[in-house]
Amino acid sequence: MHYDVRALSPDHLISHLTLEARDEQDARRQVELKGLFAAEIRPAAGLSARRLSRGRLGRHWSLILFSQELLALLTAGLSIVEGLEALAEKEANDGVRGILERLLAGLRDGKRFSAVLAEQPYHFPTLYVGIVRAAEGTSDLPRSLSRYLDYRKRVDGVRNKIISATIYPAFLAVVGGGVSFFLIGYVVPKFAQVYQETGRSLPLASRLLMQWGRFAGANSLALLCGVAAFIALMVLGTRAILARGGVTRLLTMVPGLGERVRIYELSRLYLTLGMLLEGGITVIGALDGVLTMMSPAMAASLGRASAVIQGGTPLSEAFEAEGLTTPISLRMLRVGERSGELGTMLTRSAEFYDGEIGRWIDRFTKLFEPMLMAAIGIVVGAIVVLLYMPIFDLADSLS
């Protein structure tokens with residue numbers, strides 16, 4: 001929760017602070033750590049904790065960087081308290097230092113590390129807290145942090161590959177659309193006015209284009225407002241779809257993409273489950289931990305599979321019944337159940353499908369980019385040719 005604080009400095013100057021704290025006592029403790037006296041503390045009005053933490057602090061806080069630095073200190077022989085103290089001392093950002101100080105305060109109060117992490121859910125997701133909680137049972141926090149970093153590296157690697165593959169086509173589409181809009185909205189109306197003054201007969205295609213040009217020239221403001229409204233509706237619709245998790249459902253409806261999206265989701269599921277199982281978390285606990293990370297359809301299937309597994313059904317059979325396997329992954333799951341290395345087999349299944357996804361992305365971009373460039377060239381070229389056809393006709397008549 002966030003609090004507005006009026007604080008008094010040793011030289012009797014009043015300052016206003018906004019702090020994130022568990023309660024008023026925690027906020028007062030943070031103010032005192034800054035060498036100030038809290039004159040008034042009250043909940044922040046009109047501020048969303050999630051929005052504030054993702055906005056101002058989100059640019060500075062990095063869970064991956066925190067895990068890397070803490071892992072290095074723990075590997076060097078420091079205790080968890082000493083490591084957090086070292087990170088807090090070197091941190092220059094007040095918001096990040098506040099997070100570390102709250103962790104230290106909880107540990108000094110005798111709480112478990114996983115418990116103080118869970119008190120800041122905006123900065124430490126449930127998956128991360130679960131990994132740390134399992135590590136507390138085995139007293140092997142460095143290994144769990146290393147496993148989480150490897151997991152994030154692989155998940156981010158696939159995601160970054162997908163994002164990189166879409167940047168160039170998106171740039172081409174924006175540039176091509178901008179050029180086409182400029183030609184149709186500005187150049188064509190100018191040519192339409194010139195051709196109208198000549199009084200010459202135009203070819204049918206050019207005549208239709210000129211009619212559009214005259215209409216665009218006479219209603220330019222209304223067209224601009226319409227385009228702006230269309231873009232705004234597209235942005236709002238996209239945000240609504242993203243908020244409801246409907247992107248996956250839309251992509252599965254595109255021919256040729258549905259199976260690839262399913263493979264990507266299964267890869268993420270196997271990789272996350274494998275990491276949790278290798279970290280010592282039970283199968284049911286691991287399934288509960290990944291439910292919030294999946295799409296609504298897959299989360300529903302996982303929920304049903306979890307209920308069946310609690311009744312004694314092997315994980316491979318429950319996943320097969322819910323459509324959460326492929327022929328290859330099903331065989332690997334059965335081998336993992338027989339050998340007692342289910343977590344390892346889930347991780348290897350994810351590796352197999354990550355490679356398949358990467359190869360498909362490479363093939364798709366090599367095919368799609370030339371097709372997109374050709375389509376943009378055809379549209380722009382057709383507009384230019386239709387503009388100059390009357391000029392060619394005039395030149396033929398003069399010759």
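Of the 399 residues of the protein, 38% count as buried, meaning under 20% relative accessible area, with exposed set at over 50% and partly exposed in between (1.4 Å probe, protein chains only). The model is predicted, so local features need pLDDT of at least 70 and side-chain atom pairs count only at pLDDT 80 or more, while totals for chains, interfaces and linings use all residues. Residues are numbered from 1 along each chain as its sequence is written, and side-chain values use heavy atoms, with hydrogens and water left out.

**Overall make-up**

- The protein has 17 helices and 3 strands; these are DSSP runs numbered from the N terminus (helices H or I, at least four residues; strands E, at least two).
- Among contacts with a separation of 6 or more, 60% come from residues 24 or more positions apart, where contact means heavy atoms within 4.5 Å.

**Helix 4 and helix 5**

- The axes of helix 4 (residues 80-90) and helix 5 (residues 94-108) come within 9 Å and cross at roughly 155 degrees; axes are lines fitted to C-alpha atoms, for helices over the stretch in contact, and angles run from 0 to 180 degrees between N-to-C directions.
- Helix 4 and helix 5 are therefore roughly antiparallel to each other (over 145 degrees; under 35 is roughly parallel, 65 to 115 roughly perpendicular, and the rest oblique).
- The crossing of helix 4 and helix 5 is left-handed, that is, the near helix is turned anticlockwise from the far one by less than a right angle, whereas clockwise is right-handed.
- Helix 4 contributes Ile80, Val81, Leu84, Glu85, Leu87 and Ala88 to the contact, and helix 5 contributes Arg97, Leu100, Leu103, Leu104, Leu107 and Arg108.
- By class, the contact of helix 4 with helix 5 has 9 nonpolar, no polar and 3 charged residues (nonpolar: Ala, Val, Leu, Ile, Met, Phe, Trp, Tyr, Cys and Pro; charged: Asp, Glu, Lys and Arg; polar: the others, Gly among them).

- Helix 12 and helix 13 cross in a right-handed sense.
- Leu269, Thr272, Leu273, Leu276 and Leu277 of helix 12 meet Val283, Ala286, Leu287 and Val290 of helix 13.
- The contact of helix 12 with helix 13 divides into 8 nonpolar, 1 polar and no charged residues.
- Serine 306, in helix 14 (residues 296-310), counts as buried at 6% relative accessibility.
- Not counting residues up to four places away in sequence, serine 306 touches Ile284, Leu287 and Asp288.

**Aromatic pairs**

- The whole structure holds 9 aromatic pairs, with rings of Phe, Tyr and Trp (its six-membered ring) pairing if their centres lie within 6.5 Å; planes under 30 degrees apart count as stacked, over 60 as edge-to-face and the rest as tilted.
- Tyrosine 128 and tyrosine 148 have ring centres 4.9 Å apart and planes at 85 degrees, so the pair is edge-to-face.
- Tyrosine 128 lies in helix 7 (residues 126-138) and tyrosine 148 in helix 8 (residues 141-198), so the pair ties together parts that are 20 residues apart in sequence.
- Both tyrosine 128 and tyrosine 148 are buried.
- Tryptophan 360 and phenylalanine 364 form a stacked pair, 5.2 Å centre to centre with 15 degrees between the planes.
- Trp61, Phe66, Phe124, Tyr128, Tyr148 and Tyr151 form one aromatic cluster.

**Helix 17**

- Tryptophan 360 and phenylalanine 364 are 4 residues apart in helix 17 (residues 342-398), separated by about one helical turn.
- Phenylalanine 364 counts as partly exposed at 38% relative accessibility.
- Glycine 377 is also found in helix 17 and counts as partly exposed at 42% relative accessibility.
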